[in-house]
Amino acid sequence: MKAIHLAFAFLLAIASITIFILLSDPPPGAVGVAHETISGMKLGGDGAARLATVGLAPFYFQIAVIAFAGTLLYMGVAERRRDTTLRLTLATFTGVAMFVWYMLYSGYEAYLETGQTDVVFGFPVPVNWMFWGIWGSFVVFDLFYVFAFRRYFLPAEDEAAFHALVEELKAEERAE
């Protein structure tokens with residue numbers, strides 16, 4: 001399967017999940033629940049009840065978004081430069097990002113079921129997965145782009161060929 005077809009499949013999955021959520025019944029307390037003592041303030045309400053109407057759709061939505069991001073980065077590399085190292089690196093980074101998302105989501109679900117969570121670095125565990133995991137897993141993609149730029153995205157010979165083409169076009173323009 002070509003990368004463009006895979007990207008299209010992920011986009012279809014994202015669109016399908018979005019349509020499913022839009023057509024689902026609004027969750028109870030979607031706009032909040034009135035605070036008992038402070039007028040004009042609303043509380044979040046029951047998180048498990050809010051998730052019940054859409055089930056695991058948010059989980060699969062983010063999985064599709066992460067896979068789509070990895071596919072787009074892969075498509076940003078010229079076909080002649082796509083080697084096994086690139087495939088393994090991107091697959092590993094995408095897998096790590098999906099693992100982090102799984103840990104965040106399952107931690108949040110566990111909190112909704114039990115009302116209990118551990119606190120690490122002063123924050124609940126799902127919040128830590130969000131702060132350090134989600135951001136960190138995508139920073140790795142950014143760092144890969146920076147450090148592998150000359151190998152995969154714009155090698156020196158491609159840049160030289162581009163500059164030669166620009167000079168050729170300028171020379172043609174001057175000749176006219």
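How much space lies in the largest pocket? In this predicted model, whose residues are numbered from 1 along each chain as its sequence is written, local features need pLDDT of at least 70 and side-chain atom pairs count only at pLDDT 80 or more, while totals for chains, interfaces and linings use all residues. Side-chain values use heavy atoms, with hydrogens and water left out.

The largest pocket holds about 360 Å³ of space, a pocket being an open set of points on a 1 Å grid over the protein atoms alone where a 1.4 Å probe fits, with protein on both sides within 12 Å along at least five of seven lines, and lining residues having an atom within 4 Å of a point; the volume is the space filled by probe spheres set on the points, which are joined across faces, edges and corners. Among the 17 lining residues, A3, L6, G70, T71 and Y74 are the closest to the centre of this pocket. Two or more lining residues come from each of α1, α3 (57-75) and α4 (84-114), helices being DSSP runs of H or I of at least four residues, numbered from the N terminus, and α3 provides the largest share, five residues.

A7, which lies in helix α1 (residues 3-23), is buried at a relative accessible area of 4%, where buried means under 20% with a 1.4 Å probe and protein chains only. Leaving aside neighbours within four places in sequence, A7 is in contact (heavy atoms within 4.5 Å) with F68, T71 and M75. The C-alpha atoms of A7 and A64 are separated by 9.5 Å, although these residues are 57 residues apart along the chain.

Conventions. Buried means under 20% relative accessible area, exposed over 50%, partly exposed in between (1.4 Å probe, protein chains only).
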